[in-house]
Amino acid sequence: MEGSTTESTHGSGNTSNQDENRASDTDFGPSKLGTKVYWEDAYQQELETFKDIGDVGEIWFGEESMSRVLRWMDKANIPENASILDIGTGNGAFLVELAKHGYRNLTGIDYSPASVELARNVLKVEDLADIPLKEMDFLNCQGELRGFDVCIDKGTFDAISLNPDDIKDGKKLYVQALKDALKDEGFFALTSCNWTKEQLLDRFSEGFEFVQELPTPKFQFGGKTGNSVTALIFKRAH
């Protein structure tokens, strides 16, 4: 679900205020950003632009969001043959970067047909057409996704959290789908601009162990310091 935005918040900014960190799951309302119609329209436009001028579109949270995860993968010694799932692959840009980094057991999924077609076109141009892409709703994958060493999400959980029709159930289904997709002790790299670290730790407390927080840009506003983006690493517990 890579989209056309840069490294800035489009939801509730992640501040360091303790009360705000403990806010409930309903501290921001539903949005069209949580609907399949929105993403299909967005990727259809990006697909047409790519076919016209070869522009893959902007990178969700900016290129640094990919470099940040790649640096962690280097430090964590994730092997090049690790099976890696890109959840909400969007234009496939992260798959391209992972492949350039040496990773060769990659899979991308997205529930938007236009996204999958765009990603296929992008990968073909990069001579990476052999990377599997699947048109699939992660919340309803019926157990098809299993055995991954690493799952990566940049913005998909955010979008699911904004779905006006399925806010609470969607988040629960996401956690269960993630449990099913990851091997025991497999890693989950999550980048979010809607949720604070504390909220995410609470959401993924069952079935996952917190590994570390990745450094992200900080801002100051009204005497408070916080992050516009939160990037966390979890491990699938036994």
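A polar contact is a pair of N or O atoms within 3.5 Å. The views below show close-ups of a predicted model.

**View 1. Strand β5 holds the residue D153.** The backbone nitrogen of F157 lies 2.9 Å from a polar atom of the D153 side chain. D153 has 0% relative accessibility and therefore counts as buried, the limit for that term being under 20%. Leaving aside residues up to four places away in sequence, D153 touches I87, Y174, F188, A189, L190 and T191. D86 and D153 are 67 residues apart along the chain, and their C-alpha atoms are separated by 6.4 Å.

**View 2. Helix α3 comprises residues 63–75.** At 1.5 Å a residue, the 13 residues of α3 should span 18 Å, and its end C-alpha atoms are 19 Å apart, which agrees. Buried positions in α3 are S65, M66, R68, V69, L70, W72 and M73. The buried residues of this helix pack against the strands β2 (83–87), β5 (148–154), β6 (182–192), β7 (208–214) and β10 (230–236), as well as against α4 (93–100). After α3 comes N77, which has a positive phi, near 55°.

**View 3. The largest nonpolar core has 31 residues.** Within this core, M73, I84, L98 and I152 have the most contacts. Two or more residues come from each of α3, α4, α5 (113–125), β5, β6 and β10. Helix α4 gives the most to the core, with 6 residues. In soluble globular proteins, nonpolar side chains tend to be buried together.

**View 4. I84 touches residues that include M73, L98 and I152.** Not counting residues up to four places away in sequence, the contacts of I84 also take in Y103, N105, L106, T107, F148 and V150. A second, separate core contains 26 residues, among them I87, L139, F204 and L232.

**View 5. Helix α5 contains V122.** Is V122 buried or exposed? V122 counts as buried because its relative accessibility is 6%. V96 and V122 lie 26 residues apart along the chain, with 8.4 Å between their C-alpha atoms.

Notes. Residues numbered from 1 in each chain as written. Predicted model: local features only at pLDDT ≥ 70, side-chain atom pairs only at ≥ 80, totals over all residues. Heavy atoms only, no water. Helix = DSSP H or I, 4+ residues; strand = E, 2+ residues; numbered from the N terminus. Expected span 1.5 Å × (residues − 1). Buried < 20%, exposed > 50% of the residue type's maximum accessible area, 1.4 Å probe, protein only. Contact = heavy atoms within 4.5 Å. Core = buried A, V, L, I, M, F, W, Y, C linked by side-chain atoms within 4.5 Å. Polar contact = N/O pair within 3.5 Å; in protein donor to acceptor, adjacent residues only side chain to side chain.
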